[in-house]
Amino acid sequence: MGHNFDTKAVHLALKGKNIDSKVTPIYQTTAFTFNDLEDLEGFYQGKKDYLYSRTGNPNTDELGQAVAQLEGAQNGVATSSGLSAILVGVLAVAKSGDHVLASTDIYGGTYQLLANELKDFSIEVTFEDFSDINKIEKHIKSNTKLIYSESITNPLLRVEDTKALAKLAKKHQIYSMIDNTFATPYLCQPYQDGVDLVVHSATKYLGGHSDATAGVLVGHEELIEKARARVVNLGTNLSPFEAWLTCRGIKTLSVRMERQASNAQALANALRNNKGVAKVYYPSNVSEKGNGAIVSIDITGRCDVNTFFQSLSWVQIVPTLAGVESTVSYPLATSHRALPKEAQDELGITEGLIRISVGIEAAGDIIEAFESAISASRTH
Ligand SMILES: *Cc1c(COP(=O)(O)O)cnc(C)c1O
């Protein structure tokens, strides 16, 4: 380019022509270029896929499609976070005047979104105990559009009967939506059970390395297109780099989950035999491949909680989960802080409740770290 330095400096981008990279490149670009008006028109006629990254980008599309494939769903859309995926999922089926019936024991941030934010947009949300699926039918009203729950709940790890939930929704000609973050498609595939929309905080196991905040919603083509329109118009799109990191994480999802679930099982078994632990929450009925990698324990009345946290040597306190490192969190002060006290009590979010996200380390080292923290903090 025979121009001035200033012009050359602006136009030096090497376009990736004839470079066959082994992995998908990061399309870290806000927009896509066109050669002439015919080329531009080609986008609107479906001959070119991309125009502007908020409306579509190869990396975010790769993520949406990857998760749709793993869930066996028709299509998927990636979003800026798990919460925005939940938001666009709800808004794909509900509008002002509609009602959403949600389970009480859901992620704290989801509770805030549904209880506080949607209310201001005149979407009515009520929360009910979903532990007996037969008892929720009576809460379905004439304006109910959606039933919402989680495949494995947080932090007490109740396993939802997603087949029964989907069946109930279909009977009433309304939609069902499941947050599959804790189970991942490695263990559960709610779409295959008939659930209409499946949502993930990809920030957790899909990404798996605690370095990208992202969300994915998958489901039937028609609903995903509605959700995608919300993503585009509300601006809740994911950045190409976060999508790329998450796709990279997904490649090791199976081996991570296999190891993390077997470590979690070993830890749950060990802690069930530990007199310093009042209660161990770890499900047994998730999948034949394993029961997930979150173990919650209640040490109320047996250990001093702060001493316990101080004695955890290499296990760090982190208000998230699902990384390759074992970590602990304290639901009462973080994820479930916003819940009314009565709801906390009802759910069992006690002062001694600790949520453990089990990592990929050697099982013996994880067990040793928790057993020694418990013995160091025993009061009874
Ligand atoms: C973390 C989490 C969310 C929210 O996801 P973000 O990526 O933080 O927005 C929703 N549901 C569950 C079960 C989660 O663990």
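The side chain of serine 201 has an N or O atom 2.9 Å from an oxygen atom of the ligand. The protein buries 92% of the 380 Å² that the ligand exposes when taken alone (Shrake-Rupley method, 1.4 Å probe). The backbone takes part too: an N or O atom of glycine 82 lies 2.9 Å from a ligand oxygen. For a backbone N or O atom of leucine 83, the distance to a ligand oxygen is 2.9 Å.

## About the model

This model is predicted: local features need pLDDT of at least 70, side-chain atom pairs count only at pLDDT 80 or more, and totals for chains, interfaces and linings use all residues. Residues are numbered from 1 along each chain as its sequence is written, and side-chain values use heavy atoms, with hydrogens and water left out.

## A buried serine

Serine 149 sits in strand β4 (residues 144–150) (strands are DSSP runs of E, at least two residues, numbered from the N terminus). Its relative accessibility is 0%, so serine 149 counts as buried (under 20% relative accessible area, 1.4 Å probe, protein chains only). The side chain of serine 149 makes a polar contact of 2.5 Å with the side chain of glutamate 160.

Definitions and conventions. A polar contact is a pair of N or O atoms within 3.5 Å; within protein, one must be able to donate a hydrogen and the other to accept it, and residues adjacent in sequence count only if both atoms are side-chain atoms. Helices (H or I, at least four residues) and strands (E, at least two) are DSSP runs, numbered from the N terminus. Buried means under 20% relative accessible area, exposed over 50%, partly exposed in between (1.4 Å probe, protein chains only).
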